[in-house]
Amino acid sequence: MSTTKEDWTGRKFEVEVGPVAHGGHFVARHEGRVLFVRHALPGERVVVSVHEDNGGSFCRADAVEILEASPDRVEAPCPFSGPGMCGGCDFQHVSWDAQRELKAQIVREQLSRLAKIERDVVVEALPGGPLEWRTRIRMAVDRDGRPGFRGLRSHDVIPIDHCVISRPGMVEAVADRKWRAQELTIVQDGDGNRHVGEVRGRHTVRRAGTGTAVETAAQRKWRVSADGFWQVHPAAADTFATVVGEWAAAKPGQRAWDLYGGAGLFASVLGRQVGETGSVLVVESFPGAVEDGRRNLRRMSQVEWVADKVELAVTRKLPVENPHVVVLDPPRKGAGKVVVAEVARRRPGRVVYVACDPAALARDLAEFTVQGYRLAELRAFDAFPMTHHMECIALLVPETS
């Protein structure tokens, strides 16, 4: 008996939309199959159009007609948002309060399902509102030289002339001309300076600005590469540094590790706490970030840098002395079992984990639980309004604490 499923690509169905799922879509069902639907909301009745069907138990679809709307639905402020358009924002059609509640549901579900942790979660707003917050963007360039953003799960470039979540003028600065680059990077730093770079292959050619962005966070000015990593929300870096500092609570003379340390934002906080008699060890794999960090923290002799992948460094390069505090800020995939196990083996009294993906956070929290740690505190922040992304900060302590 054949198990081949009919290809639903291009088909339309009327469905009732269920709960939000991690990734910016919502769950619906039709004839025993799961539909991951974008541009919808829980409880709505909609007509969906299937745009991707790989023959498995699920397919992907867009809500193209709203038959019964949710009270949380609003008119999208961006004219480039919607089925077949820009794939950058997931929740343009959702009120801002409802966006944060949807994100809270995602965190709760990931913690419950992956870490067996039942916990109430509130996603906190950052100052400034849901629009005009993004300070760093990367734009694709189409074959005609027009800059834009890619469609969802697509290489197609949607040309645009403005972006409602970006700082005013960023997109406009590049939209009025044709480009020969493959991509463009646009950064507006904390001093209001704009930096535009052309990406050709693996090389970025700086066309405007100094290439060095100036930012303010954690009670200091930072000068970092405009192409390097920095939080895209103008309030994020300082907010996260404050929370990390409160929960790390390192004492003078203690040892701290800052893993995936970037340009040293959290290391600067830890360095102030431990003082000149203590030590902060930063591990970061990207050479440019290490260079930025060493330059910005050159007067903090207690801060030492290791330029290597964290997975390698924790198993062969870190000091014999155990740290009192560990801060982790891993990439989207999370820290993983090797790093978690090695951190737990050193038995720090506090582990502060900064996470940009709730699923990765939940997986790593599950591993910390196995290693004898418990989740003591958790805060979540809407650092990426209009998208499904968020930032979480967790405090872990030994189970016996």
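Which residues does UniProt give for the feature "domain: TRAM"? The unreviewed entry places this feature at residues 6–65. This is a predicted model, where local features need pLDDT of at least 70, side-chain atom pairs count only at pLDDT 80 or more, and totals for chains, interfaces and linings use all residues. Residues are numbered from 1 along each chain as its sequence is written, and side-chain values use heavy atoms, with hydrogens and water left out.

View 1. UniProt positions follow the numbering used here, with feature names shortened, and annotations may be inferred rather than shown by experiment. The span is 63% strand and 0% helix, where helices (H or I, at least four residues) and strands (E, at least two) are DSSP runs numbered from the N terminus. Its end C-alpha atoms are 23 Å apart.

**View 2. Glu16 and Arg45 in a salt bridge.** Here the N to O distance is 3.7 Å; a salt bridge is a side-chain nitrogen of Lys or Arg within 4 Å of a carboxyl oxygen of Asp or Glu. The pair links distant parts of the chain, 29 residues apart: Glu16 sits in strand β1 (residues 12–21) and Arg45 in strand β4 (residues 45–52). Arg45 is partly exposed, at 24% relative accessible area (buried means under 20%, exposed over 50%, partly exposed in between, with a 1.4 Å probe and protein chains only).

**View 3. Glu52 meets Arg60.** Their side chains form a salt bridge of 3.6 Å, N to O. Glu52 is buried, with a relative accessible area of 17%, and Arg60 also counts as buried at 17%.

**View 4. Asp191 and Lys221 in a salt bridge.** The closest N and O atoms are 2.8 Å apart. Asp191 lies in the loop between β10 (183–188) and β11 (194–200) and Lys221 in strand β14 (residues 220–225), so the pair ties together parts 30 residues apart in sequence. Asp191 is partly exposed at 44% relative accessibility, and Lys221 is partly exposed at 41%.

**View 5. A salt-bridge network.** The structure holds 24 salt bridges.

**View 6. Around Ser225 in strand β14.** Ser225 counts as partly exposed, at 26% relative accessibility. Leaving aside neighbours within four places in sequence, Ser225 is in contact (heavy atoms within 4.5 Å) with Arg136, Gly211, Ala213 and Asp292. The C-alpha atoms of Ser225 and Arg200 are separated by 18 Å, and the two residues are 25 residues apart along the chain.
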